[in-house]
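The following note is intended for a colleague who is meeting this structure for the first time. Its points may be taken in order, with the model open alongside.

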Amino acid sequence: AAAPCTLARMPATAAMLGLISLRGPWPSSDKLTAASLWDKKPVVLYAIRRMGCPLCRRLAAELHSMRSDFEKAGARLVVVSAQPTGAQAFLDAVWSDGELYVDEDEGFKKALGENSNAQKYSNWWLLRPGSLLNIFRSTGNGKSFDDLNAKSMTLGGEFVIHPSKGVVFQRREDSTFGHASGETLLQVVRALNEGHDVNGVPSTPLTAAVVSESKQQCDEKCDL
């Protein structure tokens, strides 16, 4: 049977996401609302499934390596985790000097789709060819550590949120631990800078173009 599609079917809204309560940036435990993350500039936000997983850290490592490109494009890079376990090890491995926040209620993960089995991690995924390739690509992202619990089973994903245009991109990770690439996310930010209308996912031509990589991956694995 085809795997369930991991593209979020109903886009979240900035108003909804902005109400999410966060703590940080790590190591601070100060409370803030998520809206402050994009009140001045676009934010590329990675809601990580769990920080102790090298597969989950792969996108963070890629984004960190492209930080200067995102800064030049005027975007802020943020990682959000549902729990603080292993935060310092995560920072040391792939996110040094990066912004890390704790979303204790899993608001960003929940916004990526309905709470169903399609949104939960399964160990069976490790046997899929695509998973094995991503495991190989994840070597060098630090050692794994034990942060396995109910929160670490909920899939993560990526958002691009603009101060005035709202949520212009969102994607949930798929069942081979695949994510939108850093280059795809950078294209979204650059498109915003060029004045294109990318408000809404995936209704406009530009948005459809910049998520083509993610949608092609999804079409190959699942039924829409």
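1. A salt bridge is a side-chain nitrogen of Lys or Arg within 4 Å of a carboxyl oxygen of Asp or Glu. By that criterion, Lys109 and Glu106 meet through their side chains at 3.9 Å, N to O. Lys109 and Glu106 are both buried, where buried means under 20% relative accessible area, exposed over 50%, and partly exposed in between, with a 1.4 Å probe and protein chains only.

2. On the basis of the note: this is a predicted model, in which local features need pLDDT of at least 70 and side-chain atom pairs count only at pLDDT 80 or more, while totals for chains, interfaces and linings use all residues. Residues are numbered from 1 along each chain as its sequence is written, and side-chain values use heavy atoms, with hydrogens and water left out.

3. The structure holds 4 salt bridges. One of them joins the side chains of Glu104 and Arg23 at 3.7 Å, N to O. Glu104 lies in the loop between strand S6 (99-102) and H5, and Arg23 in strand S2 (residues 21-23), so the pair ties together parts that are 81 residues apart in sequence. Helices (H or I, at least four residues) and strands (E, at least two) are DSSP runs, numbered from the N terminus. Glu104 is partly exposed at 42% relative accessibility, and Arg23 is partly exposed at 27%.

4. Arg76 and Glu99 form another salt bridge through their side chains, at 2.7 Å, N to O. Because Arg76 belongs to strand S5 and Glu99 to strand S6, this pair ties together parts that are 23 residues apart in sequence. Arg76 is partly exposed, with a relative accessible area of 21%, and Glu99 is partly exposed at 22%.

5. The largest nonpolar core has 31 residues, and those with the most contacts inside it are Phe70, Phe90, Trp95 and Val160. Such a core is a set of buried Ala, Val, Leu, Ile, Met, Phe, Trp, Tyr and Cys residues joined through side-chain atoms within 4.5 Å. Among the elements that each supply at least two residues of this core are helix H2 (54-65), helix H4 (87-94) and strand S8 (166-172). A second, separate core of 20 residues includes Leu32, Ala34, Val43 and Val80.

6. Which residues does Phe90 touch? Leaving aside residues up to four places away in sequence, they are Ile48, Met51, Arg57, Ala60, Val79, Trp95 and Leu100; contact here means heavy atoms within 4.5 Å.

7. The structure holds 1 aromatic pair. Rings of Phe, Tyr and Trp (its six-membered ring) pair if their centres lie within 6.5 Å; planes under 30 degrees apart count as stacked, over 60 as edge-to-face and the rest as tilted. The ring centres of Phe108 and Phe159 are 5.6 Å apart and the planes stand at 70°, so the pair is edge-to-face. Phe108 is in helix H5 (residues 107-111) and Phe159 in strand S7 (residues 157-162), 51 residues apart. Both Phe108 and Phe159 are buried.

8. Strand S7 also contains His162, which is buried with a relative accessible area of 16%. His162 touches Trp38, Pro42 and Leu192, not counting residues up to four places away in sequence. His162 and Ala75 are 87 residues apart in sequence and 9.1 Å apart in space, C-alpha to C-alpha.

9. In helix H7, the buried residues include Leu185, Val188 and Leu192. Just after H7, Gly195 adopts a positive phi of about 85°.
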